[in-house]
Amino acid sequence: MVNGVDLDKLKEECGIIGIYAPGIENISQLAYFGLHALQHRGQESAGIAANKAGEIHYYKEMGLVQEVFSDEIIERLQGDVAIGHVRYSTTGESYVTNAQPLVVHHKGGAIALAHNGNLVNANMIREKLEDDGVIFQTSIDSEVIANMIARNHKMGIEEAIKNTMKEIRGSYALVITCKDKLIGLRDPHGLRPLCLGKIDGGYVLSSESCAFHVIGAEFIRDIAPGEMIIIENNEIKSIQYNKNAKKALCSFEFVYFARPDSTLDGQSVYVARRNAGKILAKEHPVDADLVIAVPDSGTVAAIGYAQESKIPFGEGLIKNRYVGRTFIQPDQRMRERSVRLKLNVLKENIKGKRLVMVDDSIVRGTTSKQIVDMLKHAGAKEVHVRVCSPPVKYSCYFGIDTPTRKNLVGAVHSVEEIREMIGADSLGYLSIDGLVESIHMDGGSLCSACFSGDYPMEVPKQGSKYLFEKR
């Protein structure tokens with residue numbers, strides 16, 4: 001999505017779902033609805049692969065889930081196992097070849113794989129494989145995983161996957177289907193989420209629990225970091241293939257990526273965001289008449305801020321929900337207009353008032369400036385910006401499309417400089433300690449590298465031969 005407001009947000013890479021339900025005729029339709037619930041995790045391409053006794057049929061294309069699939073296509077994708085994927089990609093990598101699921105054929109049969117995350121050593125492994133004569137069809141790191149599993153197929157799928165996991169580093173939540181199996185994995189740090197649910201006649205794996213409700217599944221548990229789940233013969237086998245890594249669930253899942261009705265590793269996203277707003281009100285109080293949100297991502301935190309500060313919560317910005325995904329922005333002037341197309345000011349509510357404007361994050365700062373200008377032009381007396389995450393100062397290497405540090409406003413400017421740039425009367429960010437407290441999870445179990453620069457593993461250095469482009 002590239003309309004103006006979304007240009008100033010970090011982007012999640014993917015959402016994945018896997019369904020094991022032998023005997024259910026509409027399994028791909030269930031995957032379709034599950035992908036609808038995960039659409040917020042990727043809006044550029046979508047795909048479903050259905051497996052019937054090892055024979056895999058798939059369809060993937062650019063666009064939103066409802067644009068990609070018709071009733072006729074869904075009807076063709078019959079099977080006992082289905083996996084699905086929605087993807088967001090970086091500029092220059094947005095084409096159908098890179099859409100998922102990936103399907104790889106080898107001597108032992110076929111494998112379909114869907115991946116959420118990013119490998120930090122993908123290019124190094126890819127170069128070695130290419131030296132051995134392996135031909136790649138895509139430019140995504142997920143194909144490295146699929147090829148390594150296929151090359152080791154003689155070991156059996158379980159050992160082939162374990163052997164592959166020993167070689168790769170980075171973040172990954174994976175759903176894989178081959179023969180009559182559905183397999184799910186989560187990287188040893190648990191950077192990307194994955195959970196397990198129960199449905200009549202089978203089981204579901206999903207990036208987020210919000211997908212379960214829409215398909216009538218019941219949440220069972222989160223997949224543990226370093227755990228592989230193998231589902232076959234309607235039974236679940238759990239293998240802990242790596243127990244030694246430090247857990248580091250991405251904290252930005254709670255800030256922005258995940259849907260508020262999801263739970264991640266036992267923690268409610270809604271409650272975490274409301275808590276963040278309450279803590280933000282304690283850390284950065286201000287005299288004001290009304291608390292408003294930048295919709296929709298700042299809404300829950302704004303409610304928390306209002307509850308803690310005793311300042312009324314109200315609507316100040318109305319979001320146009322029917323703006324197209326690919327609104328063209330040939331120049332800065334058009335980008336500014338796109339913000340006005342996406343958000344309208346409710347003048348009657350804000351005129352003459354001192355506002356607290358709550359947003360989830362500030363990445364580049366350009367959109368915040370435009371929104372503050374719009375509010376003041378509409379008659380707001382003061383605009384105090386409150387951000388329910390710390391300043392984003394460092395690039396992410398684990399599946400989030402982060403701009404280079406020179407384009408991260410928090411990396412190159414002080415809070416006061418940012419306040420002046422966006423035209424706010426005051427500016428306050430949630431502290432890292434406040435973010436950890438809001439999530440109610442041990443800070444040592446969260447990755448906050450984009451705020452602190454403390455990465456859970458070694459990452460490529462700038463200028464490195466193997467510095468990858470995020471997929």
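Reader: What should I know about the model before we start?

Author: It's a predicted model, where local features need pLDDT of at least 70, side-chain atom pairs count only at pLDDT 80 or more, and totals for chains, interfaces and linings use all residues. Residues are numbered from 1 along each chain as its sequence is written, and side-chain values use heavy atoms, with hydrogens and water left out.

Reader: Why is Asp-132 called exposed, and why is Arg-151 called partly exposed?

Author: Buried means under 20% relative accessible area, exposed means over 50%, and partly exposed is in between (1.4 Å probe, protein chains only). Asp-132 has 56%, so it counts as exposed. Arg-151 has 45%, so it lands in the partly exposed range.

Reader: How do you know that Glu-158 and Lys-237 form a salt bridge?

Author: Their closest N and O atoms are 2.8 Å apart, so they pass the cut-off. Glu-158 is in helix 7 (residues 157-167) and Lys-237 in strand 14 (residues 235-240), so the bridge ties together parts 79 residues apart in sequence. Lys-237 is partly exposed, because its relative accessibility is 42%.

Reader: Are Asp-265 and Arg-186 buried or exposed?

Author: Both are buried. They also form a salt bridge, with the closest N and O atoms 3.0 Å apart. Asp-265 sits in the loop between strand 16 (263-264) and strand 17 (267-268), and Arg-186 in strand 9 (residues 181-186).

Reader: How many salt bridges does the rule give?

Author: The count comes to 21.

Reader: What makes helix 2 mostly covered?

Author: Helix 2 (residues 27-37) has eleven residues, and eight of them are buried. Among them are Ile-27, Leu-30, Tyr-32 and Leu-35.

Reader: Why is phi of Lys-179 worth a mention?

Author: Most residues other than glycine have a negative phi, and most peptide bonds are trans. Phi of Lys-179 is near 50°, a positive value in a residue other than glycine. Lys-179 is in the loop between strand 8 (170-178) and strand 9, and its relative accessible area of 51% makes it exposed. His-440 has a positive phi too, near 60°, and its 56% makes His-440 exposed.

Reader: Which peptide bonds are cis?

Author: One of them runs from Gln-100 to Pro-101, with omega near 10°. Another joins Pro-295 and Asp-296, with omega about -5°. Pro-101 is in the loop between strand 5 (81-87) and strand 6 (102-106), and Asp-296 in the loop between strand 18 (290-293) and helix 11 (299-309).

Note on methods
A salt bridge is a side-chain nitrogen of Lys or Arg within 4 Å of a carboxyl oxygen of Asp or Glu. Helices (H or I, at least four residues) and strands (E, at least two) are DSSP runs, numbered from the N terminus.
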